[in-house]
Amino acid sequence: MEGRQVKFINSAKLLRQSGRLCQKQQASRSPSRPPLKSRMGPGLFWNFPSKASCTVPQSLLQTMLLSRMAGMKDQQFTEEKPLLPDSRGQETEMENCETFVATGDWKEHDIETPYGMLHVVIRGAPKGNKPAILTYHDVGLNHKLCFNSFFQNEDMLEITKHFVVCHVDAPGQHIGAPQMPQGYQYPTMDQLAGMLPSVVQHFGFKSIVGIGVGAGAYILAKFALIFPDLVEGLVLLNIDPNGKGWIDWAATKLSGLTSTLPDTVLTHLFSQEELMSNTEVVQNYRQQINNTINQFNLQLFWNMYNSRRDLEMNRSGSVINAKTLRCPVMLVVGDNAPAEEGVVECNSKLDPTNTTFLKMADSGGMPQITQPGKLTEAFKYFLQGMGYIAYMKDRRMSGGPVPSASMTRLARSRTASLTSAGSVDGSRNRACTHSDSSEGVGQVSHTMEVSC
């Protein structure tokens with residue numbers, strides 16, 4: 001800032017004076033011996049005698065130094081340009097919004113877990129008690145193929161810039177992954193869920209909001225059942241909580257004999273209508289699965305997913321010692337998606353007071369790919385219900401488009417089931433949690449189903 005005063009001591013002049021004094025003594029004793037040349041700073045040379053030849057007492061040098069400092073004490077020099085802008089009394093955007101993505105850089109990590117290495121991609125760093133957004137992809141995909149369209153949506157970028165985002169790739173499924181050795185025992189679905197605490201601990205997350213698709217949704221649900229205190233909320237797309245029966249197992253084996261692995265996986269990802277129409281999305285993903293994912297590793301993951309057991313959860317009161325997800329959950333499925341029946345079954349096992357069932361029209365088997373904008377809007381309201389809307393900008397305040405009526409109904413169903421005092425504009429206090437606020441919660445006996 002102009003006018004800022006800077007104080008400094010010209011120690012070089014003091015050094016020259018002491019050097020000249022030493023040189024006089026040296027010249028009187030051994031005039032034929034040349035003084036040593038020492039370099040003091042860039043481009044400056046000063047002549048000093050060797051240490052042994054200088055007999056100036058140390059006390060005299062200290063006295064000279066203190067005298068010079070006293071003389072320079074009141075001298076001030078005006079700086080032409082400030083080194084740093086004066087930001088006193090001003091809050092930066094980081095302090096005001098707690099934004100984590102100043103650079104937008106993604107960093108890759110290979111994390112050691114009890115069941116092998118796990119490839120993780122992360123952006124930002126945890127701060128305070130805010131949860132991280134952690135994703136897990138479906139079988140046949142990786143974090144890029146599964147979530148790029150969703151997380152690159154403009155509105156989603158506005159949301160996620162306030163959170164650390166962590167994408168987890170199942171073992172051997174990321175782009176460029178080496179082939180697993182012959183005889184390698186792929187982790188079970190329970191073990192894949194058991195790898196996630198290592199990720200949480202490695203990055204120091206206090207908790208997470210999970211977004212999972214298909215197999216990834218199953219893994220995140222299992223993780224939340226085992227470690228409920230680490231999960232604040234779950235968005236589960238195309239989840240099937242049921243294990244494969246003998247008939248399903250035989251059908252999968254037969255399909256594997258008559259079809260290539262990518263085509264078999266496509267029947268899991270897309271609806272029959274999409275496959276019959278051979279849409280551009282289907283063609284693109286057939287090519288991506290063929291070219292970007294190691295087929296041997298994919299077969300291992302596919303086999304393990306089809307060997308999964310039932311998720312051991314039941315709605316409270318339905319069975320003795322029923323156990324279900326304690327955190328808020330948003331279930332999402334596209335119309336006519338292969339996982340539609342499984343998602344409906346999962347909905348029947350969850351607490352209706354903190355569950356939202358979102359059925360998306362015209363989205364097929366992968367809503368995060370075909371309808372990223374609508375899913376982003378639903379996710380925003382999901383975070384509102386959890387009390388995080390205070391950290392996000394409302395596009396309606398800046399002249400943006402108003403949410404559709406169906407999404408407004410979704411927001412109302414979330415706030416009605418989570419708190420009797422909460423509102424869409426984020427006045428809910430986060431101290432009122434879902435597990436200990438039943439006295440003030442408006443009890444809802446059903447889950448709101450929204451088609452959008």
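How are α7 and α8 oriented to each other: roughly parallel, roughly antiparallel, oblique or roughly perpendicular? The legends below take you through this predicted model, and the first one gives the answer.

**Figure 1. Helix α7 meets helix α8.** Find helix α7 at residues 196-203 and helix α8 at residues 215-226. Their axes are 10 Å apart, and the two helices pack at an angle of about 75°. Angles of 65 to 115 degrees count as roughly perpendicular, so α7 and α8 are roughly perpendicular to each other.

**Figure 2. The residues between α7 and α8.** Here we look again at the pair that packs at about 75°. On the α7 side, the contact is made by Leu 196, Pro 197 and Val 200. On the α8 side, look for Ile 219, Leu 220 and Phe 223. Sorted by class, this contact has six nonpolar residues, with no polar and no charged ones.

Figure 3. Thr 160 belongs to helix α5, which covers residues 154-160. Is Thr 160 buried or exposed? Thr 160 counts as buried because its relative accessibility is 0%. Setting aside neighbours within four places in sequence, you can trace contacts from Thr 160 to Arg 123, Ile 133, Phe 151 and Val 165.

**Figure 4. Stepping back to the whole protein.** Of its 452 residues, 45% are buried. Among contacts with a separation of 6 or more, 76% join residues 24 or more positions apart. The protein exposes about 23500 Å², and carbon and sulfur atoms supply 52% of that area.

Methods. Residues numbered from 1 in each chain as written. Predicted model: local features only at pLDDT ≥ 70, side-chain atom pairs only at ≥ 80, totals over all residues. Heavy atoms only, no water. Helix = DSSP H or I, 4+ residues; strand = E, 2+ residues; numbered from the N terminus. Buried < 20%, exposed > 50% of the residue type's maximum accessible area, 1.4 Å probe, protein only. Contact = heavy atoms within 4.5 Å. Axes fitted to C-alpha atoms, helices over the stretch in contact; angles between N-to-C directions. Parallel < 35°, antiparallel > 145°, perpendicular 65-115°, else oblique. Nonpolar A, V, L, I, M, F, W, Y, C, P; charged D, E, K, R; others polar. Areas by Shrake-Rupley, 256 points an atom, 1.4 Å probe, with all protein chains shown as cover.
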